[in-house]
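I opened the notebook to look up a few spots in one chain. My entries follow, in the order I made them.

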Amino acid sequence: EGRASQADQLLETAYTRELALEHYKAHAFVGLAQLAFDKGDAALGLKLLQTMVALADAETRETAAAEVASWANIKVYAADRARQDGAEMENTLDREEALRLAAETASAFAQFDAAINYRRQLLAASPEDETNRIELARLLAEMKNYEEAVIQLAQIIGDRTATRRARWQAVWLAPEIIGARHELWAMLTERVRTLNAGDDEMLAALSSSVPGRADESVKLIKTLEATNPNPYLNFFGALLESRRQSGDELAGFVRTLMEGKNETVVEAVGFAEESPLRQIIRFYALKGQPRAALLAYELDQTLKGDEGTERSEDADDTGDAEQETQVAVQESIGRGGARYKTLRERAVERELGSRRELLGLLSLAAEQTGDLDRAVEFETARMNLLSATAERQSSEARIRKLLSRRQENSRRSASAYSVDQNLIAQR
């Protein structure tokens, strides 16, 4: 309703009261920290995150709880607490989850030193957490600590026990982190070779990711595909073809789909690339083959309906409390002080952008085939995903134009003559 200030006050009051009643839940700490960062009080925001982490640790829990009880804004609710005789402290905080949320919230508000500290603690507590290892590398690069970031990437890519998904995700991130620094590319490749010299797939992918090697990279990946085909290589090769605008990428996207692991590939690179099927839809739409684009659309269930826009990739595995916390973290994306996003948040943002773009292309494709009903349907779905006023107005204008054309076509197709049973005279 345009009452952001009052809304923040209500949230702050509600979260503070929860803590005063010793309901120590992650969403309350994260929410209060975000409100503090929004006000420019970074010290308070960091203090709240550190308190959350301390409450999640058995060794520091009692001390942290006593500190919370001493806060002036908490004492305001002492009477409420007194009325709840016999109530026990409710602490649902898990240490690893608290560290992850603290890192995400701190990084969202450019508190990178604190975020790196929490990521390091999480790495020590859960070294098998591949997502944390990758996010730590990204944060190190954000702080321009490129050599340590490269070391982290190399440890993931060269780890024989890591999942292929995590290793390819690290490969995909390498150009973003390293850029055109050839000495760092050499360092990364050498470290991966030292850790796992026999991994031709990763070494070839790294070599093909170095900027300025388009033709050479395509040949290298095609050679490897012939001996060790898998959906990641197929998709990577198709994207290399697409980037050099050869027009030969379609076969690679089709091969990726035929492997039957489309979702696995998307999980790894969804923060940067569309799924193979969506690449096919886009290819046909941009190459002037609207009917083919519409047929490919029928295979993509994620473009139909709204179920894909609201949930993150691992939302199915979370409880209600964690989903509340995820919503709080996601809301930080739209706040004024937020600028850094985790790969999960980037994937959600990329998914929404992809849907908007493809629905627009499909609307044009349907119009080109003369199916104005579907053109209106696609454009309406696209308009519902737009947030900018100017974009919505443009979409609304297109819908009105399509409806006008449909009405005009309907009038033209109306019968211009009538048939009755009167006899026709014969000569």
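Is Glu 22 buried, partly exposed or exposed? I looked it up: Glu 22 is partly exposed, because its relative accessibility is 23% (buried is under 20% relative accessible area, exposed over 50%, partly exposed in between, with a 1.4 Å probe and protein chains only).

Ground rules come next. I am reading a predicted model, where local features need pLDDT of at least 70, side-chain atom pairs count only at pLDDT 80 or more, and totals for chains, interfaces and linings use all residues. Residues are numbered from 1 along each chain as its sequence is written, and side-chain values use heavy atoms, with hydrogens and water left out.

**Entry: the whole chain**

I found 23 helices and two strands in the chain (DSSP runs numbered from the N terminus: helices are H or I with at least four residues, strands are E with at least two). Of the 427 residues, 47% are buried. I also checked contacts between residues at least 6 apart in sequence: 62% of them join residues at least 24 apart (contact means heavy atoms within 4.5 Å).

**Entry: two positive phi values**

I went back to Glu 22. It sits in the loop between α1 (4–20) and β1 (23–24). Its phi is positive, about 60 degrees, although Glu 22 is not a glycine.

Ala 110 is not a glycine either, and its phi is positive at about 65 degrees. I placed Ala 110 in the loop between α7 and α8. Its relative accessibility is 29%, so Ala 110 counts as partly exposed.

**Entry: α7 and α8**

Next I looked at the helices on either side of that loop. Helix α7 (residues 95–108) packs with helix α8 (residues 112–125) at about 155 degrees, and their axes are 8 Å apart (axes are lines fitted to C-alpha atoms over the stretch in contact, and angles run from 0 to 180 degrees between N-to-C directions). That angle makes α7 roughly antiparallel to α8 (the label for angles over 145 degrees).

Which residues make the contact? On α7 they include Leu 99, Ala 103 and Glu 104. On α8 they include Phe 112, Tyr 118 and Leu 122. I noted 10 nonpolar, two polar and five charged residues in this contact.

**Entry: Arg 344**

I found Arg 344 in helix α21 (residues 343–368). Arg 344 counts as buried because its relative accessibility is 12%. Its side chain makes a polar contact with the side chain of Glu 104, at 2.9 Å (a pair of N or O atoms within 3.5 Å, one able to donate a hydrogen and the other to accept it). I had already listed Glu 104 in the contact of α7 with α8.

Notes: Angles under 35 degrees count as roughly parallel, over 145 as roughly antiparallel, 65 to 115 as roughly perpendicular and the rest as oblique. Ala, Val, Leu, Ile, Met, Phe, Trp, Tyr, Cys and Pro count as nonpolar, Asp, Glu, Lys and Arg as charged, and the others, Gly among them, as polar.
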